[in-house]
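Morning, everyone. Please take a look at the chain on the screen, and then I'll walk you through it.

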Amino acid sequence: MLYTKHVPVMINEVDNYLINKRNGLYVDCTLGDGGHSGYLLNKYPHLNILAFDWDEDSVKAAKNNLEKYNNRITVVRENYKNIGSVVKSLNINYVDGLLIDLGASSNQLENTDRGFSFKSSVLDMRMDARLSNDAKDLLNNLDEERLSDIFYKFGEERFSRPIARLIVQERQKQDIVSGNQLSSIVIKAKKNKNSKIHPATKVFQALRIAVNGELRNIEEILKIIPDILTSGSRVVILSYHSLEDRIVKVDFRENHKNGKYKLLTKKVVCPSAEEVDKNPKSRSAKLRAVERL
Ligand SMILES: C[S@@+](CC[C@H](N)C(=O)[O-])C[C@H]1O[C@@H](n2cnc3c(N)ncnc32)[C@H](O)[C@@H]1O
């Protein structure tokens, strides 16, 4: 099993856009290893955090990494889209800011037992093991049209139809159960079209989004956020592909027009060349921030 510690992305920018009240209560919706939360708890000794992550391994790792701050952080293993009921059950009326660092962590992506990678011997991809369908279930059971839709909508994959067709043909011979098997099918269906990225990148991204309902989760939390903020509270969202960023951009603009948000980032903010150099995984990050009016 490979294990690489996740490096928190755009940490100074997150700090600058998010923290408006040094002794406030903030929500980290995507705790992961606790990189962003740990930085903020260390820098602001009177800050408190309510943190969410639905992945058991991430919760364990973060609790371990943040042990010395355990009187200032509450960790909940829950889908962040359920934030409304969680803050209610904790008698919290409003929070001073909220961070969402979308996508999967390096630990999830690089752990071959989790099935996110081309080399995985399994095709799981669930960030939360309590989710009912994994990637293998979708690949072996959905019809050709539904598979093609997933690759097209969630991966923007131009060859979605021939890939879906070949998957359906191949699975009649044997179930598709490994990353290697799926990669070879995609490569065969694309007839080795040249590309800078691995030919199966978009298909893997699409499956991950479908398995975890990633876009739906973002849409749902965005609807709830304005109601748990007070005037001056901030929201910072880091996204890693255009589908996520588009949803965030549209929501922030609409709430700006209807008088709920002030846009703190008129244009999307990207990591510095220096950060991308040090942490190449940060290169696709896009940060947007707003303040509740
Ligand atoms: C990019 S990582 C966060 C890394 C973290 N900011 C750090 O610096 O260590 C994203 C995390 O969000 C979690 N996550 C993704 N979608 C989620 C959801 N809907 N509810 C709760 N956690 C989620 C994943 O399990 C993963 O651990």
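What should the twelve residues of helix 7 span at 1.5 Å a residue, and how far apart are its end C-alpha atoms? Helix 7 covers residues 144–155, should span 16 Å, and has its end C-alpha atoms 16 Å apart, which agrees. The expected span is 1.5 Å times one less than the number of residues. Helices here are DSSP runs of H or I, at least four residues, and strands are runs of E, at least two, numbered from the N terminus.

Two words of caution. This is a predicted model, where local features need pLDDT of at least 70, side-chain atom pairs count only at pLDDT 80 or more, and totals for chains, interfaces and linings use all residues. Residues are numbered from 1 along each chain as its sequence is written.

Stay with helix 7. Leu147, Ser148, Ile150, Phe151, Phe154 and Gly155 are buried (20 or more other C-beta atoms within 10 Å of their own, C-beta atoms being placed from the backbone). They cover an arc of only 165 degrees around the axis, so they sit on the same side of helix 7. That arc is taken over the directions from the helix axis to the C-beta atoms. On the other side, Glu145 and Arg146 are exposed (12 or fewer such atoms). The cover over the buried residues of helix 7 includes helix 8 (160–173), helix 10 (201–212) and helix 12. Contact means C-beta atoms, placed from the backbone, within 7 Å. Just after helix 7, glutamate 156 takes a positive phi of about 50 degrees.

Now helix 12. Its buried residues are Glu244, Asp245, Val248, Asp251, Phe252 and Asn255. Their arc is only 135 degrees, which puts them on the same side of helix 12. Ser242, Arg246, Val250, Glu254 and Lys257 are exposed on the other side. Against what do the buried residues of helix 12 pack? Helix 11 (214–224), strand 5 (229–239), strand 6 (261–263) and strand 7 (286–292).

Next, the domains. Domain 1 is 11–107 + 214–292, and domain 2 is 113–212; the bounds come from an automatic or database domain assignment. Their C-alpha centres lie 29 Å apart. Eight residues from domain 1 and nine residues from domain 2 make the contact.

Notes:
Two residues are in contact if their C-beta atoms, placed from the backbone, lie within 7 Å.
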